[in-house]
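Here are my notes for you to read with the model open beside them. Take the points one at a time and find each residue as you go.

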Amino acid sequence: MSKKFDISIFFYSLALFSGISYLWGFWIKFDLNILSYVAITDIVKVSVYPALPAIGALGIYSAIDGFNTVSKKQYDEDLAKSGKLNKGFTYFLKFYGFALVLLSLGGSAYTAITEDGYMRLRGLYPLISMILFLYIIFSNKFLLNIPVKLRVFVVSIVCFLPTVAFNTGYSNGEVAVDHGAEGFYVVGAGQCSSTDSEKFRYISVLGSRLFTISSKDNNICITKSEDFRLIKYNEDDHKKELNADSEENSPPVS
């Protein structure tokens, strides 16, 4: 098996696991095993777009940080040439970073221990990511195979991409389950059509299934994704004015 093929399999597996992580994060508050309703081939497709802003931010930050990275030899030489003030500031930054790592590890471990059920994933994901990151950083046998300028980017993506995807999914899921947030309610021919007394808030479409949540009892309704209409609600006044102006100024449809 070629090295190129190995790398392709690795990054495809990473993308797949990150997609699964996003879905876990998104659906965790709904207490629903969403993997029972989605095909493996659809996992990356349904998760990449909503998680793209966070993934892009991670990639850009890692790339910029990696571009400014220097080798350990050059770093030691620059530190030796710098004055006492610069050395003191460097040691302070190291101590500060070490304290942040310990605080993050402790907070993640506490969440993983004290939460119940799948909510423990909120602590396990960052905990495992940080442990893996520290292990790779202190294992030169892995880092030496990666060019200096690419080390931060590659290590950050490998270690934190699933965690970023999970956290993004969790944040989006909190919005989706909140009937007081901006969103859409569904009107259609199916049994879960919104009425004046009960709104079925749109959650997602996966494959051929439409997922909504009732405003009356928070039960989830799963129907075929056909012949339905999405109507905006809980929209703030500013957005309502913009939409009204857009509709008023739009050219007539011929």
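**Notes on the model**

1. Start with helix H5 (residues 121-137), whose buried residues are Leu121, Gly123, Tyr125, Pro126, Leu127, Ser129, Met130 and Ile136. "Buried" means under 20% relative accessible area, "exposed" means over 50%, and "partly exposed" is in between (1.4 Å probe, protein chains only). Helices (H or I, at least four residues) and strands (E, at least two) are DSSP runs, numbered from the N terminus.

2. Before going further, keep in mind that this is a predicted model: local features need pLDDT of at least 70, side-chain atom pairs count only at pLDDT 80 or more, and totals for chains, interfaces and linings use all residues. Residues are numbered from 1 along each chain as its sequence is written, and side-chain values use heavy atoms, with hydrogens and water left out.

3. How far apart are the end C-alpha atoms of H5? They are 24 Å apart, which agrees with the 24 Å that its 17 residues should span at 1.5 Å a residue. The expected span is 1.5 Å times one less than the number of residues.

4. Now zoom out. The chain has eight helices and five strands, and from the N terminus on they run α-α-α-α-α-α-α-β-β-β-β-β-α. Of the 254 residues in the chain, 31% are buried. Take the contacts (heavy atoms within 4.5 Å) with a separation of 6 or more: 58% of them come from residues 24 or more positions apart.

5. Next, look inside. The largest nonpolar core has 17 residues, and Leu23, Phe26, Trp27, Phe30 and Ile203 have the most contacts inside it. Two or more residues each come from H1, helix H2 (40-67), helix H7 (148-177), strand S2 (200-206) and strand S3 (209-214). H1 gives the most, with six residues. A core here is a set of buried Ala, Val, Leu, Ile, Met, Phe, Trp, Tyr and Cys residues joined through side-chain atoms within 4.5 Å.

6. Pick out Phe26 and see what it meets. Leaving aside residues up to four places away in sequence, Phe26 touches Gly169, Tyr170, Asn172, Gly173, Ala176 and Ile203.

7. Some nonpolar side chains sit on the outside too. Ile7, Phe10 and Phe11 form a nonpolar surface patch, with about 270 Å² of accessible area together. Phe10 lies in helix H1 (residues 3-27) and counts as partly exposed because its relative accessibility is 41%. Patch residues have over 30% relative accessible area and no salt bridge; nonpolar side chains (Val, Leu, Ile, Met, Phe, Trp, Tyr) are joined within 5 Å, and like charges within 9 Å. Accessible areas come from the Shrake-Rupley method with a 1.4 Å probe; for residues, only the protein chains shown count as cover.

8. How many salt bridges are there? There is one, with the side chains of Glu115 and Arg122 meeting at 3.5 Å, N to O. The rule is a side-chain nitrogen of Lys or Arg within 4 Å of a carboxyl oxygen of Asp or Glu. Glu115 is partly exposed at 25% relative accessibility, and Arg122 is partly exposed at 33%.

9. Finally, check two loop residues. Asp31, in the loop between H1 and H2, has a positive phi near 55 degrees without being a glycine; at 67% relative accessibility, Asp31 is exposed. Asn218 is not a glycine either, and its phi is positive at about 60 degrees. Asn218 is found in the loop between S3 and strand S4 (220-224) and is partly exposed, at 45%.
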